[in-house]
Amino acid sequence: MDSGEFSMVTLQDLFTTSVKDPNISLREYVDGYEQVYKFLNLLGTLFGWVATDVQNKIDVLRKHMDGPNKEHYSNISGMIEYENSTGQIMWKKSSDGSGSRNLLILHRALEYVVAFLAKLDDIEEDEKCTNISRDAYETTLMKYHPWVVQKAAKLAMNLLPTKKGLILKVAPSGESDDVQRAYKEFPQAVESMRKAYDEIETLCQKHNLQSLNVQ
């Protein structure tokens, strides 16, 4: 795992690069998701449970990428086809160690992150991010979560900062140039994640991954 600080530019570059490969580069996608993990950690300790789960899924994918069958894990399309053909995706079970299932969980979480951050332009600087986060959650991830997780997630969102506070988390110097740069970079980062999400969703539909019972 990259131990550096969160960078929206790095996030954008990695997700953009991942989809230049028509089969979607797994390594660039996972590296991009490391930046998502760092961003989730910036949101506060109550989002730690989300970040920990994300990191666990990333670790599973990295293990496959560096494992004895790594030649099948250079891109996402190839990974899904390989795991499906070798019976590693347990369609009738709620969990397994396949890269495809762990990718699906990250994929669903990315939909929430994109929906949340895309709404930043809809609120004022001094307005809390709670409502846009909750709205994004209710239209994306919530349908996959049991009631107890839904309740915990919504409680955590009550402690989200204002829009300005969120910007200052990614531009902690507070200097005008850094803050303005962050405002400019957010939409670009969101668009790069949205593009990666859309491309992977096409693969998920092609291989019927969304039918997996994921816990």
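Which residues have the most contacts inside the largest nonpolar core? They are Tyr33, Phe116, Leu117 and Met193, within a core of 70 residues. A nonpolar core is here a set of buried Ala, Val, Leu, Ile, Met, Phe, Trp, Tyr and Cys residues joined through side-chain atoms within 4.5 Å. Helix 5 (residues 99–118) supplies the largest share of this core, 12 residues.

The model is predicted: local features need pLDDT of at least 70, side-chain atom pairs count only at pLDDT 80 or more, and totals for chains, interfaces and linings use all residues. Residues are numbered from 1 along each chain as its sequence is written, and side-chain values use heavy atoms, with hydrogens and water left out.

Beyond its neighbours within four places in sequence, Met193 is in contact (heavy atoms within 4.5 Å) with Leu11, Phe15, Val36, Leu110, Val113, Val114 and Leu117.

The protein chain has nine helices and zero strands, where helices (H or I, at least four residues) and strands (E, at least two) are DSSP runs, numbered from the N terminus. Its radius of gyration, taken over C-alpha atoms, is 17 Å, close to the 17 Å given by the globule rule (2.2 Å times the number of residues to the power 0.38) for 215 residues, so the chain is as compact as a globular protein of that length.

Buried denotes under 20% relative accessible area (1.4 Å probe, protein chains only). Further values for the protein chain follow.

| Property | Value |
|---|---|
| Buried residues | 49% of the 215 residues |
| Box of C-alpha atoms along the principal axes | roughly 55 × 35 × 25 Å |
| Contacts with a separation of 6 or more that join residues 24 or more positions apart | 69% |

How values were computed: Buried < 20%, exposed > 50% of the residue type's maximum accessible area, 1.4 Å probe, protein only.
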